[in-house]
Amino acid sequence: MKITLVMDQYGSTNNGTTVTAMRLCETLKKHGHTVRVITGSKVDGEDVFVVKQYHIPLFQNLIESQGMIFARPEPETIKKAIEGSDVVHFLMPFRLQKKTKKIADELGIPTTAAFHVQPENITSTLYLNKSKVVNDLIYSSFLKHFYRKFNHIHCPSNMIKKQLEEHNYQAKLHVISNGVSDDFKPIEIEKPILYKDKIIIVMVGRYSREKRQDLIIDAVKKSKYEKNIQLFLIGKGPMKDSLVKQGAGLTNPIVFQYVDQQNLLKILNYSDLYVHASDVEIEAISCIEAFSCGLVPIISNNELCATKQFALSEYNLFEHGDSTSLKDKIDFLIENKFIRDELSKKYIDYASQFKLDNCVKEIEKMFEEAIEEKKNEKTN
(Lines give C-alpha, C1' and ligand atoms only; values in the text may rest on other atoms or scores of the structure.)
Protein backbone atom coordinates (compact mmCIF):
# COMPACT_ATOMS: atom_id res chain seq x y z
CA MET A 1 0.00 0.00 0.00
CA LYS A 2 0.90 3.65 -0.42
CA ILE A 3 0.04 5.27 2.91
CA THR A 4 0.19 8.92 3.95
CA LEU A 5 0.34 9.80 7.66
CA VAL A 6 -0.73 13.29 8.72
CA MET A 7 0.89 14.47 11.97
CA ASP A 8 1.64 18.03 13.10
CA GLN A 9 4.85 17.03 14.83
CA TYR A 10 7.27 14.39 13.61
CA GLY A 11 10.89 13.40 14.16
CA SER A 12 11.06 14.34 17.85
CA THR A 13 10.54 11.93 20.75
CA ASN A 14 9.24 14.40 23.32
CA ASN A 15 5.61 13.27 23.30
CA GLY A 16 3.90 9.91 23.06
CA THR A 17 1.80 10.53 19.95
CA THR A 18 4.81 11.63 17.94
CA VAL A 19 6.74 8.53 19.01
CA THR A 20 3.71 6.43 18.04
CA ALA A 21 3.57 8.05 14.58
CA MET A 22 7.28 7.49 13.99
CA ARG A 23 7.14 3.83 15.04
CA LEU A 24 4.04 3.27 12.92
CA CYS A 25 5.81 4.75 9.90
CA GLU A 26 8.97 2.69 10.42
CA THR A 27 7.04 -0.56 10.90
CA LEU A 28 4.79 0.00 7.90
CA LYS A 29 7.92 0.49 5.79
CA LYS A 30 9.39 -2.76 7.17
CA HIS A 31 6.18 -4.47 6.08
CA GLY A 32 6.86 -3.33 2.52
CA HIS A 33 4.56 -0.32 2.28
CA THR A 34 5.42 3.10 0.87
CA VAL A 35 4.81 5.69 3.59
CA ARG A 36 4.63 9.44 3.20
CA VAL A 37 4.37 11.90 6.10
CA ILE A 38 2.89 15.41 6.15
CA THR A 39 4.20 17.41 9.11
CA GLY A 40 5.03 20.85 10.41
CA SER A 41 8.34 19.66 11.86
CA LYS A 42 11.49 20.66 10.05
CA VAL A 43 12.78 17.16 9.36
CA ASP A 44 14.51 15.70 6.33
CA GLY A 45 13.70 12.34 4.92
CA GLU A 46 12.41 10.54 1.91
CA ASP A 47 8.67 11.03 1.44
CA VAL A 48 8.44 13.65 4.21
CA PHE A 49 6.40 16.69 3.16
CA VAL A 50 6.98 19.70 5.42
CA VAL A 51 4.47 22.53 5.82
CA LYS A 52 4.89 25.69 7.86
CA GLN A 53 4.00 25.93 11.53
CA TYR A 54 1.47 28.32 12.98
CA HIS A 55 1.46 29.97 16.40
CA ILE A 56 -1.46 30.60 18.70
CA PRO A 57 -1.17 34.00 20.44
CA LEU A 58 -1.15 33.94 24.26
CA PHE A 59 -0.90 30.14 24.35
CA GLN A 60 2.25 29.54 22.29
CA ASN A 61 4.67 29.31 25.21
CA LEU A 62 2.37 26.85 26.95
CA ILE A 63 2.05 24.75 23.77
CA GLU A 64 5.81 24.62 23.30
CA SER A 65 6.35 23.73 26.98
CA GLN A 66 4.14 20.68 26.37
CA GLY A 67 6.41 19.64 23.49
CA MET A 68 3.84 20.41 20.81
CA ILE A 69 3.64 22.32 17.55
CA PHE A 70 0.76 22.96 15.15
CA ALA A 71 1.12 22.74 11.37
CA ARG A 72 -0.33 25.12 8.81
CA PRO A 73 -2.44 23.53 6.05
CA GLU A 74 -0.79 24.24 2.68
CA PRO A 75 -3.01 22.83 -0.09
CA GLU A 76 -0.30 22.45 -2.76
CA THR A 77 2.00 20.48 -0.46
CA ILE A 78 -0.89 18.42 0.86
CA LYS A 79 -2.10 17.51 -2.62
CA LYS A 80 1.41 16.56 -3.70
CA ALA A 81 1.81 14.34 -0.63
CA ILE A 82 -1.47 12.44 -0.89
CA GLU A 83 -1.86 12.02 -4.66
CA GLY A 84 -1.60 8.33 -5.52
CA SER A 85 -2.08 7.22 -1.91
CA ASP A 86 -4.17 4.14 -1.19
CA VAL A 87 -5.14 5.55 2.20
CA VAL A 88 -4.51 8.68 4.28
CA HIS A 89 -4.33 8.20 8.07
CA PHE A 90 -4.75 11.10 10.50
CA LEU A 91 -3.23 11.11 13.99
CA MET A 92 -4.58 14.47 15.21
CA PRO A 93 -7.83 16.47 14.68
CA PHE A 94 -6.43 19.95 13.99
CA ARG A 95 -6.19 22.43 11.09
CA LEU A 96 -3.71 20.42 9.01
CA GLN A 97 -5.81 17.29 9.32
CA LYS A 98 -9.13 19.02 8.54
CA LYS A 99 -7.80 20.51 5.31
CA THR A 100 -6.06 17.30 4.28
CA LYS A 101 -9.26 15.32 4.89
CA LYS A 102 -11.19 17.72 2.64
CA ILE A 103 -8.64 17.36 -0.16
CA ALA A 104 -8.48 13.57 0.22
CA ASP A 105 -12.26 13.37 -0.07
CA GLU A 106 -12.20 15.53 -3.19
CA LEU A 107 -9.61 13.18 -4.72
CA GLY A 108 -11.58 10.10 -3.68
CA ILE A 109 -8.81 8.73 -1.47
CA PRO A 110 -9.83 6.46 1.47
CA THR A 111 -9.16 7.91 4.93
CA THR A 112 -8.93 6.69 8.52
CA ALA A 113 -8.26 8.52 11.80
CA ALA A 114 -6.85 7.81 15.24
CA PHE A 115 -8.04 9.25 18.53
CA HIS A 116 -4.94 10.29 20.46
CA VAL A 117 -5.98 13.64 21.97
CA GLN A 118 -8.00 13.09 25.14
CA PRO A 119 -9.91 16.31 25.98
CA GLU A 120 -8.74 16.06 29.59
CA ASN A 121 -5.13 16.42 28.38
CA ILE A 122 -6.11 19.88 27.13
CA THR A 123 -8.32 20.93 30.04
CA SER A 124 -5.83 19.77 32.70
CA THR A 125 -3.38 22.37 31.46
CA LEU A 126 -6.10 25.01 31.89
CA TYR A 127 -7.21 23.72 35.34
CA LEU A 128 -10.57 22.66 33.86
CA ASN A 129 -10.05 18.89 33.74
CA LYS A 130 -12.84 18.24 36.27
CA SER A 131 -15.38 20.19 34.26
CA LYS A 132 -17.55 17.61 32.52
CA VAL A 133 -19.25 20.37 30.55
CA VAL A 134 -15.98 21.65 29.06
CA ASN A 135 -14.65 18.15 28.32
CA ASP A 136 -17.94 17.15 26.70
CA LEU A 137 -17.81 20.28 24.54
CA ILE A 138 -14.36 19.29 23.26
CA TYR A 139 -15.54 15.74 22.46
CA SER A 140 -18.50 17.28 20.60
CA SER A 141 -16.30 19.76 18.75
CA PHE A 142 -13.88 17.03 17.65
CA LEU A 143 -16.83 14.99 16.40
CA LYS A 144 -18.63 17.83 14.63
CA HIS A 145 -15.59 19.29 12.89
CA PHE A 146 -13.55 16.16 12.19
CA TYR A 147 -14.34 12.63 13.35
CA ARG A 148 -17.93 12.43 12.02
CA LYS A 149 -16.38 12.42 8.54
CA PHE A 150 -14.71 9.02 9.09
CA ASN A 151 -16.01 5.46 8.94
CA HIS A 152 -12.99 4.04 10.81
CA ILE A 153 -11.33 5.36 13.98
CA HIS A 154 -8.37 3.74 15.71
CA CYS A 155 -8.75 3.66 19.52
CA PRO A 156 -5.60 2.70 21.48
CA SER A 157 -7.69 1.34 24.39
CA ASN A 158 -11.13 0.09 25.36
CA MET A 159 -11.41 3.04 27.73
CA ILE A 160 -11.24 5.62 24.95
CA LYS A 161 -13.57 3.50 22.79
CA LYS A 162 -16.11 3.65 25.62
CA GLN A 163 -15.68 7.41 25.88
CA LEU A 164 -16.28 7.86 22.16
CA GLU A 165 -19.36 5.66 22.27
CA GLU A 166 -20.73 7.67 25.19
CA HIS A 167 -20.15 10.85 23.18
CA ASN A 168 -22.05 9.50 20.16
CA TYR A 169 -19.17 8.74 17.80
CA GLN A 170 -20.79 6.55 15.11
CA ALA A 171 -17.74 5.26 13.19
CA LYS A 172 -16.40 1.72 13.49
CA LEU A 173 -14.03 1.90 16.46
CA HIS A 174 -10.95 -0.32 16.15
CA VAL A 175 -9.33 -1.05 19.54
CA ILE A 176 -5.64 -1.63 18.79
CA SER A 177 -2.70 -0.93 21.06
CA ASN A 178 -0.11 1.48 19.69
CA GLY A 179 2.42 -1.25 20.46
CA VAL A 180 5.97 -1.19 21.76
CA SER A 181 9.30 -1.78 20.11
CA ASP A 182 10.96 -5.19 20.44
CA ASP A 183 13.91 -3.31 21.97
CA PHE A 184 12.03 -3.12 25.27
CA LYS A 185 12.85 -6.43 26.92
CA PRO A 186 14.74 -7.70 29.97
CA ILE A 187 18.50 -7.22 29.73
CA GLU A 188 21.27 -8.02 32.20
CA ILE A 189 22.50 -4.73 33.66
CA GLU A 190 23.89 -3.62 36.99
CA LYS A 191 22.61 -0.58 38.84
CA PRO A 192 25.00 2.37 38.63
CA ILE A 193 27.33 2.42 41.64
CA LEU A 194 25.73 5.65 42.85
CA TYR A 195 22.36 3.87 43.25
CA LYS A 196 23.59 0.36 44.05
CA ASP A 197 21.97 0.25 47.49
CA LYS A 198 18.89 2.25 46.55
CA ILE A 199 15.33 1.19 45.67
CA ILE A 200 14.80 2.85 42.31
CA ILE A 201 11.26 3.93 41.45
CA VAL A 202 10.68 5.39 38.01
CA MET A 203 7.91 7.13 36.06
CA VAL A 204 8.13 8.19 32.44
CA GLY A 205 5.90 11.03 31.28
CA ARG A 206 5.59 14.70 30.47
CA TYR A 207 5.82 17.01 33.49
CA SER A 208 2.23 18.21 33.37
CA ARG A 209 -0.63 18.41 35.85
CA GLU A 210 -2.57 15.36 34.71
CA LYS A 211 0.48 13.05 34.91
CA ARG A 212 0.50 13.49 38.71
CA GLN A 213 4.20 13.09 39.45
CA ASP A 214 3.37 15.15 42.55
CA LEU A 215 1.53 12.13 44.00
CA ILE A 216 4.63 9.97 43.63
CA ILE A 217 6.76 12.52 45.45
CA ASP A 218 4.24 12.68 48.31
CA ALA A 219 4.06 8.88 48.48
CA VAL A 220 7.85 8.58 48.70
CA LYS A 221 7.91 11.20 51.46
CA LYS A 222 5.41 9.09 53.44
CA SER A 223 7.14 5.77 52.82
CA LYS A 224 8.91 4.02 55.66
CA TYR A 225 11.69 3.39 53.11
CA GLU A 226 12.05 7.04 52.10
CA LYS A 227 15.75 7.13 52.96
CA ASN A 228 16.41 4.20 50.65
CA ILE A 229 14.26 5.26 47.69
CA GLN A 230 15.72 6.93 44.63
CA LEU A 231 13.04 8.47 42.41
CA PHE A 232 13.58 8.89 38.67
CA LEU A 233 11.13 11.14 36.82
CA ILE A 234 11.85 10.78 33.11
CA GLY A 235 10.47 13.48 30.83
CA LYS A 236 10.20 17.24 30.49
CA GLY A 237 7.46 19.82 30.64
CA PRO A 238 6.03 22.93 32.32
CA MET A 239 5.62 21.44 35.82
CA LYS A 240 9.31 20.69 36.35
CA ASP A 241 10.08 23.68 38.59
CA SER A 242 7.10 22.87 40.80
CA LEU A 243 8.16 19.21 41.08
CA VAL A 244 11.75 20.16 41.88
CA LYS A 245 10.52 22.42 44.68
CA GLN A 246 8.16 19.75 46.02
CA GLY A 247 10.89 17.10 46.08
CA ALA A 248 13.51 19.28 47.73
CA GLY A 249 13.05 17.65 51.15
CA LEU A 250 13.69 14.07 50.06
CA THR A 251 16.79 12.31 51.39
CA ASN A 252 17.82 11.36 47.86
CA PRO A 253 17.39 14.17 45.31
CA ILE A 254 15.01 13.25 42.49
CA VAL A 255 16.66 12.49 39.16
CA PHE A 256 14.94 14.61 36.50
CA GLN A 257 16.03 13.48 33.06
CA TYR A 258 14.97 13.36 29.46
CA VAL A 259 16.66 10.36 27.85
CA ASP A 260 16.82 8.60 24.51
CA GLN A 261 15.43 5.10 24.00
CA GLN A 262 18.75 3.35 24.57
CA ASN A 263 19.26 4.95 27.98
CA LEU A 264 15.59 4.53 28.91
CA LEU A 265 15.92 0.80 28.27
CA LYS A 266 18.84 0.67 30.70
CA ILE A 267 17.01 2.63 33.39
CA LEU A 268 13.90 0.45 33.16
CA ASN A 269 16.02 -2.68 33.48
CA TYR A 270 17.95 -1.64 36.58
CA SER A 271 14.97 -0.05 38.39
CA ASP A 272 12.85 -1.80 41.05
CA LEU A 273 9.33 -0.40 40.54
CA TYR A 274 7.43 1.61 37.95
CA VAL A 275 4.65 4.02 38.97
CA HIS A 276 2.09 5.40 36.54
CA ALA A 277 0.19 8.02 38.51
CA SER A 278 -1.67 9.78 35.67
CA ASP A 279 -5.29 10.79 36.12
CA VAL A 280 -5.76 10.86 32.34
CA GLU A 281 -4.27 8.46 29.80
CA ILE A 282 -5.47 6.99 26.50
CA GLU A 283 -3.03 4.08 26.75
CA ALA A 284 0.46 4.89 28.16
CA ILE A 285 3.07 3.23 25.99
CA SER A 286 5.66 4.13 28.64
CA CYS A 287 3.98 1.76 31.09
CA ILE A 288 3.98 -1.08 28.55
CA GLU A 289 7.65 -0.41 27.83
CA ALA A 290 8.37 -0.67 31.55
CA PHE A 291 6.62 -3.99 32.17
CA SER A 292 8.00 -5.38 28.89
CA CYS A 293 11.35 -5.10 30.67
CA GLY A 294 9.93 -6.97 33.67
CA LEU A 295 9.46 -3.85 35.79
CA VAL A 296 6.37 -4.22 38.00
CA PRO A 297 3.97 -1.25 37.70
CA ILE A 298 1.72 0.48 40.23
CA ILE A 299 -1.05 2.26 38.33
CA SER A 300 -3.72 4.87 39.08
CA ASN A 301 -7.23 3.40 39.00
CA ASN A 302 -8.80 6.62 37.69
CA GLU A 303 -11.76 6.02 35.38
CA LEU A 304 -10.12 8.14 32.65
CA CYS A 305 -6.76 6.38 32.92
CA ALA A 306 -6.76 3.49 30.44
CA THR A 307 -3.45 2.31 31.91
CA LYS A 308 -5.35 0.58 34.72
CA GLN A 309 -6.20 -2.16 32.20
CA PHE A 310 -2.62 -3.37 32.63
CA ALA A 311 -3.05 -4.25 36.31
CA LEU A 312 -2.56 -8.01 36.75
CA SER A 313 -3.26 -7.99 40.48
CA GLU A 314 -4.56 -5.84 43.32
CA TYR A 315 -0.96 -4.90 44.08
CA ASN A 316 -0.69 -3.09 40.74
CA LEU A 317 -3.43 -0.53 41.39
CA PHE A 318 -3.68 2.39 43.80
CA GLU A 319 -6.56 4.74 44.58
CA HIS A 320 -6.24 7.65 42.18
CA GLY A 321 -5.28 10.96 43.73
CA ASP A 322 -4.40 9.26 47.03
CA SER A 323 -0.69 9.37 47.87
CA THR A 324 -1.21 7.25 51.00
CA SER A 325 -2.74 4.46 48.91
CA LEU A 326 0.22 4.70 46.54
CA LYS A 327 2.65 4.67 49.47
CA ASP A 328 1.03 1.50 50.82
CA LYS A 329 1.44 -0.31 47.49
CA ILE A 330 5.05 0.85 47.16
CA ASP A 331 5.92 -0.32 50.67
CA PHE A 332 4.17 -3.66 50.18
CA LEU A 333 6.06 -4.47 46.99
CA ILE A 334 9.36 -3.36 48.52
CA GLU A 335 8.75 -5.68 51.48
CA ASN A 336 7.52 -8.62 49.40
CA LYS A 337 10.23 -9.26 46.83
CA PHE A 338 8.90 -12.75 46.12
CA ILE A 339 5.55 -11.34 44.98
CA ARG A 340 7.35 -8.66 42.98
CA ASP A 341 9.51 -11.29 41.26
CA GLU A 342 6.47 -13.44 40.41
CA LEU A 343 4.64 -10.44 39.00
CA SER A 344 7.71 -9.51 36.96
CA LYS A 345 7.62 -12.92 35.24
CA LYS A 346 3.89 -12.58 34.55
CA TYR A 347 4.39 -9.12 33.05
CA ILE A 348 7.14 -10.29 30.71
CA ASP A 349 4.75 -12.93 29.32
CA TYR A 350 1.82 -10.50 29.26
CA ALA A 351 3.84 -7.95 27.27
CA SER A 352 4.06 -10.21 24.20
CA GLN A 353 0.57 -9.16 23.03
CA PHE A 354 1.72 -5.55 22.70
CA LYS A 355 4.48 -6.24 20.19
CA LEU A 356 4.60 -3.37 17.72
CA ASP A 357 4.72 -5.64 14.68
CA ASN A 358 1.45 -7.39 15.61
CA CYS A 359 -0.32 -4.12 16.44
CA VAL A 360 0.64 -2.55 13.12
CA LYS A 361 -0.72 -5.61 11.29
CA GLU A 362 -4.08 -4.88 12.92
CA ILE A 363 -3.91 -1.25 11.79
CA GLU A 364 -3.14 -2.48 8.27
CA LYS A 365 -6.40 -4.47 8.37
CA MET A 366 -8.25 -1.26 9.22
CA PHE A 367 -6.60 0.46 6.24
CA GLU A 368 -7.57 -2.43 3.95
CA GLU A 369 -11.16 -2.30 5.17
CA ALA A 370 -11.37 1.44 4.44
CA ILE A 371 -9.87 0.94 0.97
CA GLU A 372 -12.32 -1.85 0.16
CA GLU A 373 -15.26 0.27 1.28
CA LYS A 374 -14.16 3.13 -0.96
CA LYS A 375 -13.88 0.74 -3.93
CA ASN A 376 -17.41 -0.49 -3.29
CA GLU A 377 -18.70 3.10 -3.11
CA LYS A 378 -17.21 3.85 -6.53
CA THR A 379 -18.69 0.74 -8.16
CA ASN A 380 -22.19 1.28 -6.73
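The areas come from the Shrake-Rupley method with a 1.4 Å probe, and for residues only the protein chains shown count as cover. This is a predicted model, in which local features need pLDDT of at least 70 and side-chain atom pairs count only at pLDDT 80 or more, while totals for chains, interfaces and linings use all residues. Residues are numbered from 1 along each chain as its sequence is written, and side-chain values use heavy atoms, with hydrogens and water left out.

**Surface patches**

- Leu126 counts as partly exposed because its relative accessibility is 40%; buried means under 20% relative accessible area, exposed over 50%, and partly exposed in between (1.4 Å probe, protein chains only).
- A patch of positive charge on the surface gathers Lys98, Lys144, Arg148 and Lys149; here Lys and Arg count as positive and Asp and Glu as negative, while His and the chain ends are not counted.
- The place of each charge is taken as NZ of Lys, CZ of Arg, CG of Asp or CD of Glu.
- Arg148 belongs to the loop between α6 (132–145) and β8 (152–155), and with a relative accessible area of 56% this residue is exposed.

**Aromatic pairs**

- A search of the whole structure finds 23 aromatic pairs, a pair being rings of Phe, Tyr and Trp (its six-membered ring) with centres within 6.5 Å, called stacked if the planes are under 30 degrees apart, edge-to-face if over 60, and tilted otherwise.
- The rings of Phe232 and Tyr270 are edge-to-face, because their centres lie 6.4 Å apart and their planes meet at 75°.
- Phe232 is in strand β11 (residues 229–234) and Tyr270 in helix α10 (residues 261–270), so this pair ties together parts that are 38 residues apart in sequence.
- Phe232 is buried at a relative accessible area of 2%, and Tyr270 is also buried, at 12%.
- Phe291 and Tyr350 make a tilted pair, since their ring centres are 5.5 Å apart and their planes stand at 35°.
- That pair links distant parts of the chain, with Phe291 in helix α11 (residues 285–292) and Tyr350 in helix α13 (residues 337–350), 59 residues apart, and both residues are buried.

**Salt bridges**

- The count comes to 20 salt bridges, each being a side-chain nitrogen of Lys or Arg within 4 Å of a carboxyl oxygen of Asp or Glu.
- Arg212 and Asp279 meet through their side chains in a salt bridge (3.2 Å, N to O); Arg212 lies in the loop between β10 (199–204) and α8 (213–222) and Asp279 in the loop between β13 (273–276) and α11, so the pair ties together parts that are 67 residues apart in sequence.
- Arg212 is buried, with a relative accessible area of 18%, as is Asp279, with 13%.
- Lys224 forms a salt bridge with Glu335, their closest N and O atoms being 3.0 Å apart.

Technical notes:
Patches are made of residues with over 30% relative accessible area and no salt bridge: like charges are joined within 9 Å, nonpolar side chains (Val, Leu, Ile, Met, Phe, Trp, Tyr) within 5 Å. Helices (H or I, at least four residues) and strands (E, at least two) are DSSP runs, numbered from the N terminus.
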